[in-house]
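Dear colleague,

Please find the structure below, handed over for your records.

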Amino acid sequence: MTTPKSGGWHPIWLILLLPYIALLWLPFYNQAMPNVLGFPFFYWYQFIWVPLTSLLIYVVYKVAK
Amino acid sequence: MNIDAINPIAMAVFLAFFAFVTILGFVASRWKRGDLTQLHEWGLGGRQFGGVITWFLVGGDFYTAYTVIAVPALVYSVGAYGFFALPYTIIVYPVVFAIMPKLWEVCHRKNHITAADFVQGEHGGKWFPAAIAITGIIATMPYIALQLIGMQVVIKGLGVFLVSFL
C-alpha cells in the first residue's frame with residue numbers, strides 16, 4: 001500500500017484516461033492510411049488499443065497496489 | 001424443415017459442442033457439489049471462483065450471440081459504424097478495474113449477493129434497493145430477448161427453419 005491515507009489515490013491511475021482520449025475522439029483515427037497488411041488505419045488502430053489498454057491496466061495494478 | 005439446406009459440417013460442429021457443453025455441465029455439478037438451498041451457493045458458486053474461472057466467465061459474458069451475430073450483422077449492413085462495439089468494450093475495462101475490486105471487497109466482507117443487497121447494506125432503506133433490483137430485471141430482459149433472437153439466427157444459419165417463437 002503506497003497510499004495509506006484514506007481516499008488517496010496514486011497518480012498512475014491517470015494513464016487509464018488514455019484509451020478514452022484515444023478512442024472517443026473519432027477524428028484521431030477516421031482515416032484509411034497508413035494501412036498495415038492491407039488493414040486500414042481505422043481498424044488496426046482500434047484493435048491495437050485492446051492489448052494496449054490491458055497493458056495500462058496491468059501497470060496501474062502493479063504500481064498502485 | 002428442409003434436410004437439403006442443412007450444412008453437415010456446421011451441424012456436426014454445433015452438435016459436438018452442444019454435447020460437450022452439456023456433459024461438462026453435468027460433470028461440473030458433481031465436481032464440487034454445493035448446498036443449493038443456500039442463496040450464495042446457488043447464485044455465486046459459494047464464492048469459490050478464482051481468477052481462472054472468473055476469466056472464463058467474463059469471456060462468456062462478452063462472446064454472446066450479440067457479439068458474434070448482431071455486431072457482425074451491423075458491420076455488414078452499415079459498415080464501420082458497427083465498430084462502436086470495439087472502443088466501447090475497450091473503455092469498459094478501466095471502469096470495471098476501478099470499481100469492481102472495491103465492490104467485491106465490500107460484498108465479500110458483508111455477504112452481499114446482488115447489487116440490491118449491496119445498496120441496502122450501504123444505504124439502507126427499502127424502496128431504493130427494490131428499485132435497483134427491478135431496474136436490473138427490466139434491463140436484463142431486452143438483452144435476453146436479443147440472445148434468443150441471436151440463437152434463432154444461429155439455428156437458421158445451420159439450415160433448420162422452425163416456427164418463430166419470438
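Which residues does A:Phe28 touch, not counting residues up to four places away in sequence? Please note that the model is predicted. In this model, A:Phe28 is in contact with A:Ile21, A:Ala22, A:Phe41 and A:Tyr45. A:Phe28 itself sits in the loop that lies between helix H1 (18-24) and helix H2 (41-64) of chain A. A:Tyr45 is 17 residues apart from A:Phe28 along the chain, and their C-alpha atoms are separated by 9.5 Å. Because its relative accessibility is 42%, A:Phe28 counts as partly exposed.

As to the annotation of chain A, an unreviewed UniProt entry lists residues 12-29 and 41-61 as "transmembrane region". In the model, residues 12-29 of chain A are 39% helix and 0% strand, and the end C-alpha atoms of this span lie 26 Å apart. Residues 41-61 of chain A, by contrast, are 100% helix and 0% strand, with 30 Å between the end C-alpha atoms.

The interface of the two chains is described next. Eleven residues of chain B contact 17 residues of chain A. Together, chain B and chain A bury about 1,300 Å², of which 86% is on carbon and sulfur atoms. The side of chain B that touches chain A consists, by class, of eleven nonpolar residues, with no polar and no charged residues. Zero salt bridges are counted between chain B and chain A, and one residue pair is found in polar contact across their interface, with both residues at pLDDT 80 or more.

With kind regards

Conventions:
Residues are numbered from 1 along each chain as its sequence is written. Chains are lettered from A and ligands numbered from 1 in the order in which they are written. This is a predicted model: local features need pLDDT of at least 70, side-chain atom pairs count only at pLDDT 80 or more; totals for chains, interfaces and linings use all residues. Side-chain values use heavy atoms; hydrogens and water are left out. UniProt positions are given in the numbering used here, feature names are shortened, and annotations may be inferred rather than shown by experiment. Helices (H or I, at least four residues) and strands (E, at least two) are DSSP runs, numbered from the N terminus. Contact means heavy atoms within 4.5 Å. Buried area is the accessible area (1.4 Å probe) that two parts lose on being put together, summed over both. A salt bridge is a side-chain nitrogen of Lys or Arg within 4 Å of a carboxyl oxygen of Asp or Glu. A polar contact is a pair of N or O atoms within 3.5 Å; within protein, one must be able to donate a hydrogen and the other to accept it, and residues adjacent in sequence count only if both atoms are side-chain atoms. Ala, Val, Leu, Ile, Met, Phe, Trp, Tyr, Cys and Pro count as nonpolar, Asp, Glu, Lys and Arg as charged, and the others, Gly among them, as polar. Buried means under 20% relative accessible area, exposed over 50%, partly exposed in between (1.4 Å probe, protein chains only).
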